[in-house]
Amino acid sequence: ARAAVEGTVIQHFYADPVGHVAGYLFLSAVLGPIVAVQRPMGAHGTMAAQLCVPVVALIARPYSSVLEIPGLGLHVRGATLNEFQAAQLRATYTIELQPGTGLIVGYRLAIESYRDAQSFRFASQGASVGAVLRLSGGR
């Protein structure tokens with residue numbers, strides 16, 4: 001199972017003469033099953049993937065600008081699969097360049113849909129590259 005808390009701020013840039021900007025917040029705390037697989041690839045590489053689909057969620061979604069939430073008075077409500085659908089896919093490829101050092105390349109895709117008075121749909125993706133440095137003698 002996977003538990004996660006995530007937040008999204010959507011910025012609206014208005015075309016008025018003053019250049020008004022407002023940010024709207026969507027927070028979710030979710031719990032759901034995770035499927036993970038990890039396989040060696042080649043002599044020095046490892047591919048890993050995880051897929052998580054939440055089955056229950058707590059949602060906080062104020063309908064005013066982030067700057068106007070009084071004392072962060074957020075109202076949290078429960079959501080079932082009927083109201084909140086989401087999926088998150090993570091994939092990484094790690095290759096050992098030399099003993100104790102390597103390179104890791106990652107990809108993440110997240111999709112969310114929330115049915116409420118105002119529907120909310122969101123998708124994001126990202127890629128990352130990082131170094132692997134083992135600081136201890138163990139493997």
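Two strands count as paired if DSSP finds at least two bridges between them; strands are DSSP runs of E with at least two residues, numbered from the N terminus. The views below come from a predicted model, in which local features need pLDDT of at least 70 and side-chain atom pairs count only at pLDDT 80 or more, while totals for chains, interfaces and linings use all residues. Residues are numbered from 1 along each chain as its sequence is written, and side-chain values use heavy atoms, with hydrogens and water left out.

**View A. The open sheet of β1, β2, β5 and β6.** The 4 strands follow the order β1-β2-β5-β6, with antiparallel pairing. β1 (2–13) and β6 (76–79) are the edge strands; each has a single partner, so one side of each is left without a neighbour in the sheet. From one strand to the next the twist averages 20°, with axes taken as lines fitted to C-alpha atoms and angles running from 0 to 180 degrees between N-to-C directions. β1 and β2 (residues 21–32) run antiparallel and are joined by 12 bridges. Within this pair, Ile10 lies opposite Tyr24 of β2.

**View B. The hairpin of β3 and β4.** β3 (residues 34–41) and β4 (residues 45–52) are antiparallel partners over 8 bridges. Ala36 is set opposite Gln50 in β4. The hairpin has 3 residues between its strands, and Gly42 takes a positive phi near 75°.

**View C. β7 between its partners β4 and β8.** β4 pairs with β7 in the antiparallel sense through 8 bridges, and Leu51 stands opposite Leu89 in β7. β7 also runs antiparallel to β8, to which 14 bridges join it. Ala86 has Glu112 of β8 as its bridge partner. The hairpin of β7 and β8 has 2 residues between the strands, and Gly100 adopts a positive phi near 90°.

**View D. The cavity and its lining.** A cavity is a set of points on a 1 Å grid over the protein atoms alone where a 1.4 Å probe fits but cannot get out, and lining residues have an atom within 4 Å of a point. The whole structure holds 1 cavity of 30 Å³ or more. The largest cavity has a volume of about 110 Å³, the volume being the space filled by probe spheres set on the points. Its lining has 13 residues, of which Glu6, Val30, Ala86, Gln88 and Glu112 lie nearest the centre. β1, β2, β7 (84–98) and β8 (101–114) each supply at least two lining residues; β7 gives the largest share, 4 residues. By class, the lining has 8 nonpolar, 2 polar and 3 charged residues.

View E. Rings of Phe, Tyr and Trp (its six-membered ring) pair if their centres lie within 6.5 Å; planes under 30 degrees apart count as stacked, over 60 as edge-to-face and the rest as tilted. A search of the whole structure finds 5 aromatic pairs. In one of them, Phe120 and Phe122 have ring centres 6.2 Å apart and planes at 15°, so the pair is stacked. Phe120 is buried at 10% relative accessible area, whereas Phe122, at 22%, counts as partly exposed (the class between buried and exposed, the latter being over 50%). Phe26, Phe84, Tyr114, Phe120 and Phe122 form one aromatic cluster.

Notes. On a 1 Å grid over the protein atoms alone, a cavity is a set of points where a 1.4 Å probe fits but cannot get out, and a pocket is an open set with protein on both sides within 12 Å along at least five of seven lines; lining residues have an atom within 4 Å of a point. Ala, Val, Leu, Ile, Met, Phe, Trp, Tyr, Cys and Pro count as nonpolar, Asp, Glu, Lys and Arg as charged, and the others, Gly among them, as polar. Buried means under 20% relative accessible area, exposed over 50%, partly exposed in between (1.4 Å probe, protein chains only).
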